[in-house]
Amino acid sequence: IEDKTDILGTSMGGVVAILFAEKYPQKVEKIILNDIGTFISKEAIADVGKYIGQDMVQSSAVDMKARISREFSDSNLSDEDIEFLFRVYSKQVKKDSDPLTILSSTESAKLIIGESQNPGDDSLPGYTLNYDPKIADAFWRGGKQKKIPDMDFSENLENAVRQNPDIEVYIIRGENSKFLTKDHYEELLKKDYVKDGFEVSDAGHVPLLNTQAEFDKILSWIK
């Protein structure tokens with residue numbers, strides 16, 4: 001990255017944004033944190049760990065959409081939202097392979113944009129979530145869920161801002177989120193370097209950011 005950049009990080013991506021800004025403060029102009037703050041409780045981490053890395057292979061599109069709906073149970077998802085998540089976050093499992101062997105990113109992208117077989121045809125192979133299964137290593141060991149302590153990245157963000165006082169931070173929170181609590185959200189808004197924030201109604205962890213009003217608000221921050 002040669003010039004300064006703006007970073008929008010969702011969940012773990014927000015932590016990555018904070019750590020990147022600490023290491024390369026002069027490369028960052030604005031950070032937008034989507035449903036993630038500088039403090040994450042062990043209880044919130046444990047909740048996410050319950051399904052990260054678990055067997056997410058579903059035999060049909062209907063079953064996959066139902067599973068997605070359960071995982072986002074703290075959000076009031078419309079049928080359109082569920083369809084969006086299914087197309088973006090699902091990959092098809094190959095018929096003649098191990099259930100955890102999934103199509104390449106290119107093949108999956110073709111499915112999403114309709115250049116290959118349509119997701120939703122139950123004569124096709126099963127479906128699994130489109131994320132790196134190694135993420136589960138942070139939550140599980142030997143088939144048992146790890147006990148992960150509270151995580152605090154406050155000093156990391158403070159270090160970034162000390163090194164580059166021009167960094168601006170913006171916060172988005174899902175109204176029902178346990179990952180970014182209301183108290184922590186309001187505490188962050190009091191920081192001088194946090195310039196603005198908004199809550200997404202009926203959303204948990206994480207807001208999809210798929211409405212025009214949300215687009216417009218984020219664009220107003222980065223212009």
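Guide: We can go through a helix, some salt bridges, the aromatic pairs and a surface patch. Keep in mind that this is a predicted model.

Visitor: Start with helix 7. Which residues are buried there?

Guide: Helix 7 covers residues 182–189, and its buried residues are His184, Tyr185 and Leu188. Seen down the helix axis, they fall within an arc of 105°, so they line one face of helix 7.

Visitor: And what do they pack against?

Guide: The buried residues of helix 7 pack against strand 3 (39–40), strand 9 (168–174) and strand 10 (194–200).

Visitor: Switching to charges. How many salt bridges are there?

Guide: Eight in the whole structure. One of them joins Glu199 and Lys182, with the closest N and O atoms 2.5 Å apart. Glu199 is in strand 10 and Lys182 in helix 7, so this pair ties together parts 17 residues apart in sequence.

Visitor: Is Lys182 buried or partly exposed?

Guide: Partly exposed, at 34% relative accessibility. Glu199 is also partly exposed, at 30%.

Visitor: What about Lys217?

Guide: Lys217 forms a salt bridge with Asp196, the closest N and O atoms being 3.0 Å apart. Lys217 sits in helix 8 and Asp196 in strand 10, so the link spans 21 residues in sequence. Which residues share partners in one network? Arg173, Lys182, Glu186 and Glu199 do, joined by their salt bridges.

Visitor: New topic. How many aromatic pairs?

Guide: Four. Among them, Phe20 and Tyr24 form a tilted pair, 5.0 Å centre to centre with 45° between the planes. Tyr170 and Trp221 form a stacked pair, at 4.8 Å and 20°. Tyr170 lies in strand 9 and Trp221 in helix 8, so that pair ties together parts 51 residues apart in sequence.

Visitor: Is Trp221 buried or exposed?

Guide: Buried, with a relative accessible area of 4%. Tyr170 is buried too, at 7%. Tyr170, Phe198 and Trp221 form one aromatic cluster.

Visitor: Last one. Which residues form the nonpolar patch on the surface?

Guide: Phe215, Leu219 and Ile222, with about 230 Å² of accessible area together. Leu219 is in helix 8 (residues 212–222). Leu219 is partly exposed, with a relative accessible area of 39%.

Conventions: Residues are numbered from 1 along each chain as its sequence is written. This is a predicted model: local features need pLDDT of at least 70, side-chain atom pairs count only at pLDDT 80 or more; totals for chains, interfaces and linings use all residues. Side-chain values use heavy atoms; hydrogens and water are left out. Buried means under 20% relative accessible area, exposed over 50%, partly exposed in between (1.4 Å probe, protein chains only). Helices (H or I, at least four residues) and strands (E, at least two) are DSSP runs, numbered from the N terminus. The arc is that of the directions from the helix axis to the C-beta atoms. Contact means heavy atoms within 4.5 Å. Patches are made of residues with over 30% relative accessible area and no salt bridge: like charges are joined within 9 Å, nonpolar side chains (Val, Leu, Ile, Met, Phe, Trp, Tyr) within 5 Å. Accessible areas come from the Shrake-Rupley method with a 1.4 Å probe; for residues, only the protein chains shown count as cover. A salt bridge is a side-chain nitrogen of Lys or Arg within 4 Å of a carboxyl oxygen of Asp or Glu. Rings of Phe, Tyr and Trp (its six-membered ring) pair if their centres lie within 6.5 Å; planes under 30 degrees apart count as stacked, over 60 as edge-to-face and the rest as tilted.
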